[in-house]
Amino acid sequence: MENIKNKQILVLTVSDSCHQKKSEDKSGPLLESLISKTFPNIPVKKDLVPDEIIEITETLIQNCQKSLAIFTTGGTGFAPRDVTPEATKAVIQRECPQLALAMALESFKKTPFAALSRAVCGIRNQTLIVNFPGSAKAVKECYESIEGILPHALQLINNDLGQVKSVHSELQGSSHRHVCPHKTGTGAKDDRNSPYPMIPVDQALEKILSSMIVENNRFMLEDFKSPVDIPPFRASVKDGYAMKSSGFSGSKKVIGYISAGDEITTHELQEDECFKINTGAAVPPSADCVIQVEDTKVLKLKKSGLEDLVEILVDLSPNLDIRPVGCDMKKGASIFPEADLSQVVVKSVLASVGKISNLVKKPRIAIVSTGSELLTPSDVEREGKIYDSNTTMLEELLKYFGFESQRNIVLSDDFDSVKDSFEKLLSDVDFVICSGGVSMGDKDYIKPVLKALDFDINIGRVNMKPGKPMTFASNYDNGKFFFGLPGNPVSAFVTFHLFVLPALRFTSGWKKEKCPLAVVEVEIANEIIELDPRPELVRASVASKKGKLFASVNGNQMSSRLQSIVGADVLLHLPARTETKPNAVKGDVVKASVLRYDFISSYE
Ligand SMILES: Nc1nc2c(c(=O)[nH]1)N[C@H]1C(S)=C(S)[C@@H](COP(=O)(O)OP(=O)(O)OC[C@H]3O[C@@H](n4cnc5c(N)ncnc54)[C@H](O)[C@@H]3O)O[C@H]1N2
Ligand code: MOO
Ligand SMILES: [Mg+2]
């Protein structure tokens with residue numbers, strides 16, 4: 001309950017006219033006083049934004065962490081600038097349509113115009129977001145219709161019940177401490193096998209993706225409209241001369257120079273006159289044609305050295321080399337006809353319409369490395385210890401794929417400290433990418449700790465080499481997801497690419513097909529490769545010969561040998577060994593997951 005005590009409720013007024021101070025905000029203060037009566041102990045804060053989807057969305061996101069609830073007023077109607085429901089839909093993870101229905105039913109008793117509200121209610125992480133209409137009267141009616149259920153709703157969202165459960169499990173802590181990860185299988189004392197079924201890679205990925213909570217980034221992008229025209233003025237496509245196309249070619253008097261960035265000149269051109277003009281500069285309204293420098297000849301210079309007379313060597317035609325207003329992007333048009341979530345695409349296209357935004361929400365991630373043997377790379381060597389490579393590797397992989405970790409921690413193999421650290425970490429992040437401690441050793445505490453923290457262990461083993469003990473656990477109610485990657489560095493490397501990356505992309509709103517690494521077909525260049533009983537993902541480098549791709553395995557494939565990632569372009573998908581096919585041989589064609597953008601190491 002401690003964190004609930006530190007939280008606020010936000011009243012967000014959405015109104016162009018109030019924002020421009022053309023009218024007084026009555027609904028915001030009214031909501032504030034109504035809420036203060038229902039929740040006398042919770043501070044109620046107010047904010048005001050114009051009817052701009054980016055501003056509304058950003059304000060909602062920025063305030064969620066510290067707010068139990070956000071009540072918006074305004075912008076829910078049918079007018080073109082009413083976009084509060086769209087902004088709300090973009091940030092919520094779970095919609096609460098019945099809450100909106102409860103308000104609508106009450107409003108219908110008063111007026112049929114209630115049908116003109118598009119209010120949305122939903123939950124983002126642990127924050128309830130409710131849209132109210134703009135009018136003070138409607139705000140009061142709507143608020144009163146849900147006032148009675150709000151305290152209970154907020155309690156549920158903040159997992160009051162879950163707190164009871166975790167206090168309960170806290171009391172039973174000692175029993176969890178003795179869960180032995182390898183003795184549970186069939187329940188028999190001599191059963192020393194893992195209790196977790198070893199599922200195929202495809203099935204594991206499907207399971208992970210289907211349990212993700214998907215951010216509404218796609219929807220939000222597809223809904224963005226451009227606030228400007230590009231270009232905002234008629235722009236010259238060439239360095240040349242602007243003139244009237246109705247005139248003849250031949251000689252023209254140069255009456256001035258126009259550069260990019262100059263104000264639009266209103267000088268009325270005659271048919272025998274022209275302006276010298278640069279690419280990207282505004283074409284004067286009286287000109288309708290630009291002739292490129294290459295199609296002209298200077299006939300006479302002024303004493304100052306500036307051009308006085310030029311000869312136009314080609315025929316003139318209307319609109320030649322002029323970009324009309326909005327020809328690249330029209331004001332009001334959809335900026336993202338499809339939701340391409342690449343950071344390069346989103347940020348640069350938004351910049352082109354004058355918006356600086358970090359709107360694409362990324363998951364909050366922590367990296368945890370477990371192992372009492374771990375030294376940080378800057379430590380001096382010590383007996384019995386090894387250098388921690390997984391923290392750096394996972395951090396760099398996240399960066400490479402456009403994600404980032406909020407926290408990196410290294411933990412010793414100790415049940416209580418691992419449990420305490422996870423508990424704290426999970427209040428700050430939604431995804432934990434942990435390595436080590438997931439197999440069969442008596443110090444492999446990750447699975448027992450996850451159980452003690454009320455996580456469902458959805459996957460405990462995968463039929464793959466390396467990466468067999470890959471663990472995925474979720475606490476769906478709290479929106480928390482945990483990847484327990486095997487500690488061997490190559491196992492962590494491979495399972496990150498196969499499972500963690502697709503999950504992070506999927507939760508960010510990527511199309512499902514685009515979430516895994518790209519897969520290509522390659523021909524094996526090695527003479528013979530012995531197949532393993534488990535399907536194996538083998539690091540290999542790729543050569544392109546006349547457009548055909550050939551893969552050579554990168555030496556010893558032990559899961560402890562991180563060096564096998566040096567020069568690795570792909571992960572070859574080798575099938576499991578069978579009696580009839582014990583080896584892969586030169587010329588076999590197999591699938592390969594592409595690890596990096598520069599995935600071809602040589603061309604012939
Ligand atoms: N009896 C069995 N033993 C093991 C099995 C099994 O099925 N039955 N599975 C093996 C497989 S496969 C793998 S993979 C490993 C996975 O081990 P854990 O996830 O439990 O990881 P740890 O035991 O903590 O460490 C394994 C190995 O990796 C080194 N390590 C760990 N963290 C790091 C790091 N951050 N940087 C560098 N190296 C790290 C650690 O020192 C160990 O050598 O289990 C097998 N055992
Ligand atoms: O599956 Mo482990 O990852 O063999 O090394
Ligand atoms: Mg282990």
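Let's start at ligand 2: one of its oxygen atoms sits 2.9 Å from an N or O atom in the side chain of Arg-534. That is a polar contact, meaning a pair of N or O atoms within 3.5 Å; within protein, one must be able to donate a hydrogen and the other to accept it, and residues adjacent in sequence count only if both atoms are side-chain atoms.

Before going on, a word on what you are looking at. This is a predicted model, where local features need pLDDT of at least 70 and side-chain atom pairs count only at pLDDT 80 or more, while totals for chains, interfaces and linings use all residues. Residues are numbered from 1 along each chain as its sequence is written, chains are lettered from A and ligands numbered from 1 in the order in which they are written, and side-chain values use heavy atoms, with hydrogens and water left out.

Back to ligand 2. For Ser-491, a side-chain N or O atom is 2.6 Å from an oxygen atom of the ligand. With Lys-468 the backbone takes part: one of its N or O atoms lies 2.9 Å from a ligand oxygen.

Now, salt bridges. How many does a search of the whole structure find? There are 30, each being a side-chain nitrogen of Lys or Arg within 4 Å of a carboxyl oxygen of Asp or Glu. The general idea is friendly enough: side chains of opposite charge can pair when their charged atoms come close.

Take Asp-430 and Arg-364, whose closest N and O atoms are 3.1 Å apart. Asp-430 is in the loop between α15 and β20, and Arg-364 in the loop between α13 and β16, so this pair ties together parts that are 66 residues apart in sequence. Helices here are DSSP runs (H or I, at least four residues), as are strands (E, at least two), numbered from the N terminus. Are these two residues buried or exposed? Both Asp-430 and Arg-364 are buried, where buried means under 20% relative accessible area, exposed over 50%, and partly exposed in between (1.4 Å probe, protein chains only).

Compare that with Glu-396 and Lys-399, which also form a salt bridge, 3.1 Å from N to O. They both lie in helix α14, three residues apart, about one turn of the helix. Glu-396 is partly exposed at 39%, and Lys-399 is partly exposed at 48%.

Last one: Asp-16, Glu-52 and Arg-81 are linked in a network of salt bridges. Do find these three in the structure above!
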